[in-house]
Amino acid sequence: MVRPLYITLLTHTHASKLELFIYKYLVVCYNMMITLGSKQWLLHTLVCVLIFLIIEVTSQVVPITIIEGAVAKGAVCLDGSPPAYQFDAGSGDGVKNWLLHIQGGGWCYSVNDCRTRTYNKYGSSKNMKSSDYNFTGILSNKQALNPNFYNWNRVAIRYCDGSSFTGDIEEVDPATNLHFRGARVFDVIIQELLGQGMKSASKALLSGSSAGGLASLLHCDKFRAFFPTSTQVKCLSDAGYFAHVKDLSGEYKFEGYYDQVVNLHGSSKHLNQECISKMKHSLCFYPQYAIPYVKTPIFLLHSTYDTFQVQNILASPQADPNGLFTKCKQDINACTTDQIQRLQYFRSEFLNALSVFGNGSSRGWFITNCFAHGQCEYQSKWLGNSSCKLNNKAIAEAVGDWFYDRSMVQMMDNQNVLPRYCNT
């Protein structure tokens, strides 16, 4: 019974990582029992029960909410379906505090690319399930695992527009039925939450990972404007600082990709207007050009060897047509000495792009040399025995110190400039 069910999950596009993890271990337990016989059955049953207890302690599935009324407002996913979010109410002294976390998922740059997303959860709420996205890391409801935000009102904003919530085009092509309305989706979800008590928030944090981390930067001041001045509002970007740097070809080929995203979605009207008055609009989709105009306090959580940027900006197929960097960008243990040096140069360029962020007290950062992409959503990276630490602080502790103004948090790993695996 176990083995067929696991195989079914592996081929089911909606199966969450947690579901696959659980059934993988069910298969392991099942095989142990068959191989070792009944004498060892009790011992291994206890081991498997312990595994499930660990999963239960570290993960939380929160029901998904579909905003059906958003359709009438034109605030819809790529396929025209209504947007969605997951909400777990706060308690105790966190009941008036709100954490909104924007899910990542890249972008779509062409009609065909966006149409492909309508067949999965990144382009349609019809394909979303609660179990697609579990509340761990910064969204955990366990005090020991998330000491600063565990009892806040915690919201996961589901991502289904492919533009980091910047798109806004009125016309809908009848041939494709594609809707580019990401900015409206963001607004309608915020308005929904304001109506559920967020308008009276004492504290509010807008965070996001990857494309969601970029969204948290691009919408940071906009988010601040929804609240009275008495509300403490800050933003956190995890793996969202996509750098405008040269690739292996010596050019900026990824810039062309952002050109297409911004043009297709009509993003310009929702990028910083002062920024786009001074340069090509799509450049303002890059944090290094947009962030100097952001006034709200921001925290950056990032790696200088971000795997997405190594694979898609530094060594994209267009920049590396012969695939010489293919093995290296997938596995740093496969990199040659010359390739390691090129990665180190990429790190230097990334840090140069980061230099515009500023070092005032409202700006915080936790910059690692991990070969990874995204850290705040994963419990092992956020807070735990194996979590990455700088100055003896885990990410969760550093973010908490910054948000609550307990200390200035501007931490960077300069001890080892080589890329390394962290909590993989």
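Which residue of β5 does N97 stand opposite? The views below begin with that pairing; the model is predicted, with local features needing pLDDT of at least 70 and side-chain atom pairs counted only at pLDDT 80 or more, while totals for chains, interfaces and linings use all residues. Residues are numbered from 1 along each chain as its sequence is written, and side-chain values use heavy atoms, leaving out hydrogens and water.

**View 1. Strand β5 and its partners.** N97 stands opposite K203 in β5, where strands are DSSP runs of E with at least two residues and helices are runs of H or I with at least four, numbered from the N terminus. Strand β3 (residues 97-102) pairs with β5 in the parallel sense over 6 bridges, two strands being paired if DSSP finds at least two bridges between them. β5 also pairs in the parallel sense with strand β6 (residues 232-238), over 7 bridges, and there L206 stands opposite C235. Because 6 of the 7 residues of β5 (residues 203-209) are buried, this strand is largely enclosed by the rest of the structure; buried means under 20% relative accessible area, exposed over 50% and partly exposed in between, with a 1.4 Å probe and protein chains only.

**View 2. The disulfide of C77 and C160.** A disulfide, defined as a pair of cysteine sulfur atoms within 2.5 Å, joins C77 to C160 with an S to S distance of 2.1 Å. C77 lies in the loop between β1 (64-66) and β2 (84-88), and C160 in the loop between β4 (153-157) and α5 (182-194), 83 residues apart.

**View 3. The surroundings of C370.** A disulfide joins C370 to C422, whereas the sulfur of C388 is 4.4 Å from that of C370, too far for a bond.
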